[in-house]
Amino acid sequence: MTTSLTSISAHGALKGFLLSAILLLTACSATTINISGTFPAPLVQKLPLTVGVFYDDAFTNHSFIEINDNTGDDQYIINSGSSQIELFNTMLPAVFEEVVQLDSIDSANALNGLDAVFIPGIEEFQVGLPQKTRLNVYEIWVKYNMRLARTNGDYIADWVMTAYGKSPEETFQSVDAGVNDAANVALRDLAASFTLGFGNVPEIKEWLRSENFLEE
Amino acid sequence: MNILRFKFTYNSIPRLAFVLPAIFFLCSCTTTEIDEFRQSPTAISFDESIVILGRRQNNNYETEEDFVTCVADVVGRGQNSISVVDEQLFLDAMFPFFEPRTAPMRTGHLEQLMAVDVAADKLEEFGIEYIVWLDGITERSDQSGSISCTIGPGGGGCFGFGTWTDDSNFEAEIWDLDTMSSVGSISTDANGQSYMPAVVIPIPLIARVEANACSGLGNQLKQFINGSGT
């Protein structure tokens with residue numbers, strides 16, 4: 001009887017310890033937010049260009065870590081890479097006559113008929129959480145570096161674009177949902193300014209004119 | 001057992017729980033004021049549509065999607081209902097022309113937009129006659145009171161009182177796509193005080209401020225566009 005009681009007590013203590021350990025580990029670990037969404041194809045006149053697009057690893061696997069101000073630990077890991085790819089894969093074929101995805105920048109030279117190579121990149125990513133900003137909105141701000149190059153590697157244009165998205169905080173809404181909504185608004189914002197502003201980037205405008213891609 | 005400290009007996013609680021809400025129900029009403037400004041005559045036929053869009057350019061607030069949907073529901077239902085194109089469907093189909101950064105802010109911008117063939121064709125495809133821009137917010141103020149809740153082995157309960165004021169201010173600006181001009185605007189200002197007495201259980205007596213602003217604005221908008229609002 002004594003043995004049995006001891007065994008039960010030891011078993012209970014072990015369970016209690018494991019439970020505490022799991023709770024402690026869960027409390028310390030960062031929450032991962034995978035941004036997901038669908039984007040409409042922009043309604044614009046296509047430019048008569050065949051463009052190769054190259055997404056580097058940093059862009060494809062883009063991840064941002066929000067630090068907990070009190071503890072200094074990772075609080076949220078925001079993975080936006082796959083959504084960025086989804087957005088560009090929807091947007092670029094609507095802007096250019098033909099889009100070819102490249103495995104490397106060097107492979108552009110081997111392909112015939114490419115007019116230019118486009119390489120998007122993310123320079124900065126910021127998130128505003130209501131618990132930190134004291135505003136009742138989730139905010140996402142992204143700074144992009146866009147590059148357009150000739151197939152031989154010479155740059156045509158290298159320019160910066162910013163995207164901003166906010167989403168109002170709602171009752172019983174999770175942080176994941178708030179951040180995801182704000183990120184989707186930011187990605188739409190980027191697509192809007194890219195599609196309407198691409199031809200207005202001075203270097204690109206000049207190049208389009210010189211190569212007779214623009215209808216006068 | 002905090003309740004005993006406030007010299008209430010359990011016998012009086014059911015009576016209080018009934019009487020207090022009854023008293024405050026009469027008080028938690030909403031005042032709604034609607035102003036209409038008409039610049040030009042309007043009319044719409046059954047095969048034409050409108051779209052109601054929320055303004056989202058402002059830094060510190062954005063017109064709630066739920067409010068836009070609510071007004072669209074009011075306009076699209078009942079007598080003299082008008083066909084309303086779903087906001088998200090319209091935004092996706094017209095992408096990127098009606099995003100927060102790119103949406104036309106004035107009717108002059110609308111003229112520029114209509115000069116873009118793909119955009120003008122899509123608008124015609126929808127059969128949209130009027131674009132209604134909704135801009136506004138519901139703000140909460142004058143929050144006071146406190147409610148404390150206790151849970152013990154014998155049960156639990158809350159006691160206290162809370163009150164707050166909601167103020168909804170929205171403006172609808174109506175653009176005519178034929179004349180590419182603003183034909184008028186309707187503004188609504190609704191406010192009301194809500195109460196939350198708690199005697200064992202909290203009883204929310206919510207003033208339906210935003211709902212009243214929505215139905216008032218929606219019905220006025222319906223009359224305005226049908227041409228009977230003059």
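Is the crossing of α3(B) and α7(B) left-handed or right-handed?

Analyst: The crossing of α3(B) and α7(B) is right-handed, where a crossing counts as right-handed if the near helix is turned clockwise from the far one by less than a right angle, and as left-handed if anticlockwise. Before going further, please note that this is a predicted model, in which local features need pLDDT of at least 70 and side-chain atom pairs count only at pLDDT 80 or more, while totals for chains, interfaces and linings use all residues. Residues are numbered from 1 along each chain as its sequence is written, and chains are lettered from A and ligands numbered from 1 in the order in which they are written.

The two helices pack at an angle of about 45 degrees, with their axes 8 Å apart; axes are lines fitted to C-alpha atoms, for helices over the stretch in contact, and angles run from 0 to 180 degrees between N-to-C directions. α3(B) and α7(B) are therefore oblique to each other, the word kept for angles that are not under 35 degrees (roughly parallel), over 145 (roughly antiparallel) or 65 to 115 (roughly perpendicular). Helices (H or I, at least four residues) and strands (E, at least two) are DSSP runs, numbered from the N terminus.

From α3(B), the residues F67(B), C70(B), V71(B), V74(B) and V75(B) meet residues of α7(B), among them C214(B), L217(B), G218(B) and L221(B), contact meaning that C-beta atoms, placed from the backbone, lie within 7 Å. By class, this contact has eight nonpolar, three polar and two charged residues, with Ala, Val, Leu, Ile, Met, Phe, Trp, Tyr, Cys and Pro counted as nonpolar, Asp, Glu, Lys and Arg as charged, and the others, Gly among them, as polar.

Both helices also pack on a sheet of chain B. That sheet is open, with six strands in the order β1-β6-β5-β4-β2-β3 and mixed pairing, two strands being paired if DSSP finds at least two bridges between them. Its edge strands, β1 (30-38) and β3 (83-85) of chain B, each pair on one side only, and neighbouring strands are turned by 20 degrees against each other on average, direction ignored. Strand β2 (residues 49-54) of chain B runs parallel to β3(B), joined by three bridges, and V51(B) stands opposite V85(B) in β3(B).

On this sheet, α3 (residues 65-76) of chain B touches β2, β3 and β4 (128-152), and its direction makes about 160 degrees with that of β2(B). Helix α7 (residues 209-226) of chain B touches β1, β2, β4, β5 (155-176) and β6 (181-202), and its direction makes about 155 degrees with that of β6(B).

Notes: Contact = placed C-beta atoms within 7 Å.
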